[in-house]
Amino acid sequence: LKKYKVRIFANTQVGTNFMKTRIEPILTTLILTVTTVCGQTYEPLDLAKKIFGKDSLPNIDNYIIGEYKGRPNGQDLQKGSTTKFTFLGQTEKTAVVGMTILDSLGKGLDTYLHFEKDTVWKMSAFRSLAMTGIIEQVKNELEKLTPQQVDDIIDESKKKKKDDFSMFTSREDYNFQLGNVKLTLELDDNIAKHFLTNQAEFERLKNLALTQLEKEKADEERSIKLIENLIADYQKLFIASVSTGGYELGNCINFLIGGMVDNSVGYIYVKEKKDLPEMNSDRVIMIREIGNGWYIYKTT
């Protein structure tokens, strides 16, 4: 009986060693096969840097989905340009990364990379503020005017009827329009700096807007204009309007800077983060936190 037990033990040990010898190469082969087919997995920020890096991303088709077909990518960037990436937010199934592209002279463009979670994270859309060419033309025309020309246009506006169009009607109006288009076209970093420089005034106007809002009911379908008696005050900050409501920004206090049609940029304030709109490639293409309930937003 003892010999029999020993024989069984010995045979089991041999069988175990045999199975290990057979299984380990199979598992190794399987892992290598999966890695080769699917490629390496990346988090959204890392994937953004890979797609827009100096070297092309191997098997890029494994990391794209939806309307984004792999272009533009890092190979399309102008020679001498640099990129800066900012993680903007993530849910279970979506994520957004901001990418600032700067040329050799320091001029730049902010873009927004949208990602979806499939089996792995994949880039789904490339966005930036649209229709900026017209705004750039307005900025150039206003900047070209001499002080005398500005005064002449103001004098002419005073001779027109109330409903007739005037480019601007006062020196304050001219300063607002020029400052507004310039801020609309600024890089996000500079839009944030403008807020921080003038934060005390933004906070004062926000508090007055909230006081007014306590007496009015926000409408999810229709926006409500706020503190219209303080237009001169918020125009000094290059803000075009202050409002709340509407299907895009909901319960936020919207300090609109400007834009064209539905392509807009501004600041929003929310008391509670749960009221913050969700980013998506079809409408609210970016939201960037400044702090204390304040954010920059852009729509398309």
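What follows is a walk through the fold, the strand pairing, the charged pairs, the aromatic rings and one surface patch of this protein.

The model is predicted, so a few ground rules apply: local features need pLDDT of at least 70, side-chain atom pairs count only at pLDDT 80 or more, and totals for chains, interfaces and linings use all residues. Residues are numbered from 1 along each chain as its sequence is written, and side-chain values use heavy atoms, with hydrogens and water left out.

Starting with the overall picture, the protein has eight helices and ten strands. Both kinds of element are DSSP runs numbered from the N terminus, with helices being H or I over at least four residues and strands being E over at least two. Of the 300 residues, 39% count as buried; here buried means under 20% relative accessible area, exposed means over 50%, and partly exposed is in between (1.4 Å probe, protein chains only). The accessible surface comes to about 18300 Å², and 53% of that belongs to carbon and sulfur atoms. Those areas come from the Shrake-Rupley method with a 1.4 Å probe, and for residues only the protein chains shown count as cover. As for contacts (heavy atoms within 4.5 Å), residues 24 or more positions apart account for 51% of those with a separation of 6 or more.

Five of the five residues of S6 (residues 241-245) are buried, so the strand is largely enclosed by the rest of the structure. Two strands count as paired if DSSP finds at least two bridges between them. Strand S5 (residues 223-225) pairs with S6 in the antiparallel sense over three bridges, and Ile224 has Thr244 in S6 as its bridge partner. S6 also pairs with strand S7 (residues 253-260), again antiparallel, this time over four bridges. There, Ser243 stands opposite Asn254 in S7.

Next come the charges. Side chains of opposite charge can pair when their charged atoms come close. A salt bridge here is a side-chain nitrogen of Lys or Arg within 4 Å of a carboxyl oxygen of Asp or Glu, and a search of the whole structure turns up 19 of them. One of them joins Asp233 to Arg204, with the closest N and O atoms 2.9 Å apart. This pair links distant parts of the chain, since Asp233 sits in helix H8 (residues 231-235) and Arg204 in helix H7 (residues 199-213), 29 residues apart. Asp233 is partly exposed at 22% relative accessible area, and Arg204 is partly exposed at 34%.

Another salt bridge runs between Glu248 and Arg283, whose closest N and O atoms are 2.1 Å apart. Glu248 lies in the loop between S6 and S7, and Arg283 in the loop between strand S8 (263-269) and strand S9 (284-291), so the pair ties together parts that are 35 residues apart in sequence. Glu248 is partly exposed at 22% relative accessible area, while Arg283 counts as buried at 14%. Glu289 and Lys273 also form a salt bridge, with the closest N and O atoms 3.6 Å apart. Glu289 is in strand S9 and Lys273 in the loop between S8 and S9, so this pair ties together parts that are 16 residues apart in sequence. At 47% relative accessible area Glu289 is partly exposed, and at 55% Lys273 is exposed. Salt bridges that share partners also join Lys84, Asp189 and Arg288 into one network.

On to the rings. Rings of Phe, Tyr and Trp (its six-membered ring) pair if their centres lie within 6.5 Å; planes under 30 degrees apart count as stacked, over 60 as edge-to-face and the rest as tilted. The structure holds eleven aromatic pairs. Among them, the rings of Tyr42 and Tyr63 have centres 5.5 Å apart and planes at 55°, so the pair is tilted. Both Tyr42 and Tyr63 are buried. The rings of Phe202 and Tyr267 have centres 5.1 Å apart and planes at 65°, so that pair is edge-to-face. Phe202 lies in helix H7 and Tyr267 in strand S8, so the pair ties together parts that are 65 residues apart in sequence. Phe202 and Tyr267 are both buried. Ring pairs link Phe195, Phe202, Phe255, Tyr267, Tyr269 and Trp294 into a cluster.

Met131, Ile134, Val138 and Val261 make a nonpolar surface patch of about 350 Å². Patches are made of residues with over 30% relative accessible area and no salt bridge, where like charges are joined within 9 Å and nonpolar side chains (Val, Leu, Ile, Met, Phe, Trp, Tyr) within 5 Å. Val261 is found in the loop between S7 and S8 and counts as exposed at 69% relative accessibility.
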